Amino acid sequence: MSVAYAPKGLLGVFTPQANTTVEPEIALLTPPGYAWINARMVSGKDTITARLLDYMAQFPAPLAQFANAPINGIAIACTGASYLIGKDSEDALISDIETRAGVPAFTGATASVDALRALGAKRIGLVSPYNSALDAESASYWESRGFTVAAEASAYRESSDFHPIYSLDAMAAEKAVRSLEGQDIDAVLMLGTGMPTLDAIAHVPFIGKAPVLSCMLCLGWKAIALRDPSTATRDGLLRWVEGEGWGERLARSHAFT
């Protein structure tokens with residue numbers, strides 16, 4: 001079954017309640033013929049950590065937001081929660097969602113794991129928008145998935161705006177990516193789904209020979225790879241890193257700013 005605006009595939013996306021980045025970036029990343037519908041993960045907890053844990057604890061109830069929409073996959077666009085619950089609980093949650101929904105499911109973190117493995121990357125450089133507390137959890141998560149965290153750079157800044165991650169500008173990510181020049185790494189991964197990353201990748205798709213990824217790029221790539229085997233390959237992923245399709249859409253979007 002397909003719908004008018006998604007003859008090639010329809011994705012269901014869960015987004016943290018105040019996140020202002022997921023929907024714009026997934027819209028830019030989505031090729032013609034595919035579409036997505038969004039649901040918000042909502043929590044009344046009073047700290048970021050507590051909210052992230054609460055988002056995951058609420059499943060499977062949030063699946064009801066998609067009702068019987070003919071989605072082909074479910075993406076949870078939240079990586080911080082993956083670090084906090086750990087890979088075993090994350091894998092169990094994804095398995096439960098897939099059983100209940102009858103379609104593939106993935107998080108921003110597991111999509112990034114799949115992308116790094118598609119590249120054959122072992123030594124990775126991380127660009128983090130987090131504070132030091134979540135940074136420690138993050139590094140442990142990537143190590144638990146079999147990668148060596150060989151370099152780290154921070155885009156974090158204290159902010160008086162509504163959220164220290166969602167209020168970051170595109171230059172923060174790019175500056176942090178460029179600071180990894182000369183490191184012995186196989187790939188760069190910009191973390192989180194709240195930090196704007198597409199401009200950084202468009203400007204700096206490689207650091208030396210290391211492809212530059214972000215969790216949002218990987219999430220978009222994974223969604224299309226579920227339906228298009230040519231996208232799932234290493235070469236297909238590298239085309240995404242080089243901005244095939246979405247780079248033009250990103251450039252056009254800047255005409256309105």
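This is a predicted model: local features need pLDDT of at least 70, side-chain atom pairs count only at pLDDT 80 or more; totals for chains, interfaces and linings use all residues.

**Exercise 1. Work out how helix α4 and helix α8 are arranged, and which residues join them.**

Solution. Two packed helices are described by the angle between their axes and the distance between the axes.
- Step 1: Select residues 108-119 for α4 and residues 215-225 for α8.
- Step 2: Compare the axes, which come within 8 Å and cross at roughly 80 degrees.
- Step 3: Angles from 65 to 115 degrees count as roughly perpendicular, so α4 and α8 are roughly perpendicular to each other.
- Step 4: Look for the partners. On the α4 side they are Gly108, Ala111, Ser112, Asp114, Ala115 and Ala118; on the α8 side you will find Cys215, Cys218, Leu219, Trp221 and Lys222.
- Step 5: Sort this contact by class, which gives seven nonpolar, two polar and two charged residues.

**Exercise 2. Now turn to helix α9 and describe how it packs with α4.**

Solution. 
- Step 1: Helix α9 covers residues 234-241, and its axis lies 8 Å from that of α4 at an angle of about 115 degrees.
- Step 2: This angle makes α4 roughly perpendicular to α9.
- Step 3: As for handedness, the crossing of α4 and α9 is left-handed.
- Step 4: α4 contributes Ala115, Ala118 and Leu119, while α9 contributes Arg234, Leu237 and Leu238.
- Step 5: The class count for α4 with α9 is five nonpolar, no polar and one charged residues.

**Exercise 3. Are α2 and α3 parallel or perpendicular to each other?**

Solution. 
- Step 1: Find α2 at residues 48-57 and α3 at residues 80-101.
- Step 2: Their axes come within 9 Å and cross at roughly 20 degrees.
- Step 3: Angles under 35 degrees count as roughly parallel, and α2 and α3 are therefore roughly parallel to each other.
- Step 4: The crossing of these helices, α2 and α3, is right-handed.
- Step 5: Thr49, Leu52, Leu53 and Met56 of α2 touch Gly80, Ala81, Leu84, Ile85 and Leu93 of α3.
- Step 6: By class, this contact holds seven nonpolar, two polar and no charged residues.

**Exercise 4. What backbone features do Pro60 and Ala67 show, and where are they placed?**

Solution. 
- Step 1: Follow the chain into the loop between α2 and β3 (73-76), where Pro60 has its place.
- Step 2: Inspect the peptide bond from Phe59 to Pro60, which is cis, with omega near 15 degrees.
- Step 3: Go on to Ala67, also found in the loop between α2 and β3.
- Step 4: Read its phi: Ala67 has a positive value of about 45 degrees although it is not a glycine.

**Exercise 5. How many cavities of 30 Å³ or more does the structure hold, and what lines the largest cavity?**

Solution. Rolling a probe the size of a water molecule over the atoms shows where empty space is left.
- Step 1: A search of the whole structure gives one cavity of 30 Å³ or more.
- Step 2: The volume of the largest cavity is about 130 Å³.
- Step 3: Its lining has 17 residues, and the closest to the centre are Leu11, Tyr34, Ala35, Ala223 and Ile224.
- Step 4: At least two lining residues come from each of β1 (9-16), α1 (22-29), β2 (34-41) and α8.
- Step 5: By class, the lining has eleven nonpolar, five polar and one charged residues.

Key. Residues are numbered from 1 along each chain as its sequence is written. Side-chain values use heavy atoms; hydrogens and water are left out. Axes are lines fitted to C-alpha atoms, for helices over the stretch in contact, and angles run from 0 to 180 degrees between N-to-C directions. Helices (H or I, at least four residues) and strands (E, at least two) are DSSP runs, numbered from the N terminus. Angles under 35 degrees count as roughly parallel, over 145 as roughly antiparallel, 65 to 115 as roughly perpendicular and the rest as oblique. Contact means heavy atoms within 4.5 Å. Ala, Val, Leu, Ile, Met, Phe, Trp, Tyr, Cys and Pro count as nonpolar, Asp, Glu, Lys and Arg as charged, and the others, Gly among them, as polar. On a 1 Å grid over the protein atoms alone, a cavity is a set of points where a 1.4 Å probe fits but cannot get out, and a pocket is an open set with protein on both sides within 12 Å along at least five of seven lines; lining residues have an atom within 4 Å of a point. Grid points are joined across faces, edges and corners, and a volume is the space filled by probe spheres set on the points. A crossing is left-handed if the near helix is turned anticlockwise from the far one by less than a right angle, and right-handed if clockwise.
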